[in-house]
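Please look over the sequence and the model below before reading on.

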Amino acid sequence: MFLDTRPKVDVCIAQTGESYLCATDESLLRGMLRLGRKGIPAGCVNGGCGVCKVRIVDGTVASIGPVSRAHVSVEEEQCGFTLACRVAPASAVRLEVIGKLEKPFSKRPAMVASHVPTPQATRHEGDM
């Protein structure tokens, strides 16, 4: 059994008041996912999709990778916006989740296949 002795700080999600401990050398998103928690939407976990966009309300974070300008502009970053997968907590952090998880591949509603058997679908080879 592995005992995680890394230094950890408290991360609080402002909208729900829920918090979790996150190691100072892991992203805010990975820390949440490691504990099996939900709150920050997760997508690609590499900074490319923008699903985990948050605003740091209190505390400080350190960059652990580049933030895609397609998802966070320089102006937004100066106002505390970032991607939770690209920053690690340097102190206790309070954050706001910006958006809701959306399917990045299509804006159309998903089609659900119906599984109601039709007479043709219930025939057996010997019934013909």
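How much accessible surface does the chain have, and what share of it belongs to carbon and sulfur atoms? The surface comes to about 8700 Å², with 57% belonging to carbon and sulfur; areas come from the Shrake-Rupley method with a 1.4 Å probe, and for residues only the protein chains shown count as cover.

The model is predicted: local features need pLDDT of at least 70 and side-chain atom pairs pLDDT 80 or more, while totals for chains, interfaces and linings use all residues. Residues are numbered from 1 along each chain as its sequence is written, and side-chain values use heavy atoms, leaving out hydrogens and water.

Three helices and seven strands make up the secondary structure, in the order β-β-α-β-β-α-β-β-β-α. These are DSSP runs numbered from the N terminus: helices are H or I with at least four residues, strands E with at least two. Among contacts (heavy atoms within 4.5 Å) with a separation of 6 or more, 60% join residues 24 or more positions apart.

Of the 128 residues, 30% are buried, meaning under 20% relative accessible area with a 1.4 Å probe, protein chains only. The largest nonpolar core has 21 residues; such a core is a set of buried Ala, Val, Leu, Ile, Met, Phe, Trp, Tyr and Cys residues joined through side-chain atoms within 4.5 Å. β1 (8-13), β2 (19-23), α1 (28-34), β3 (53-58) and β7 (93-97) each supply at least two of its residues.

Ile13 lies in β1 and counts as buried because its relative accessibility is 4%. Its C-alpha atom is 8.1 Å from that of Ile40, 27 residues apart along the chain.

Key. Buried < 20%, exposed > 50% of the residue type's maximum accessible area, 1.4 Å probe, protein only.
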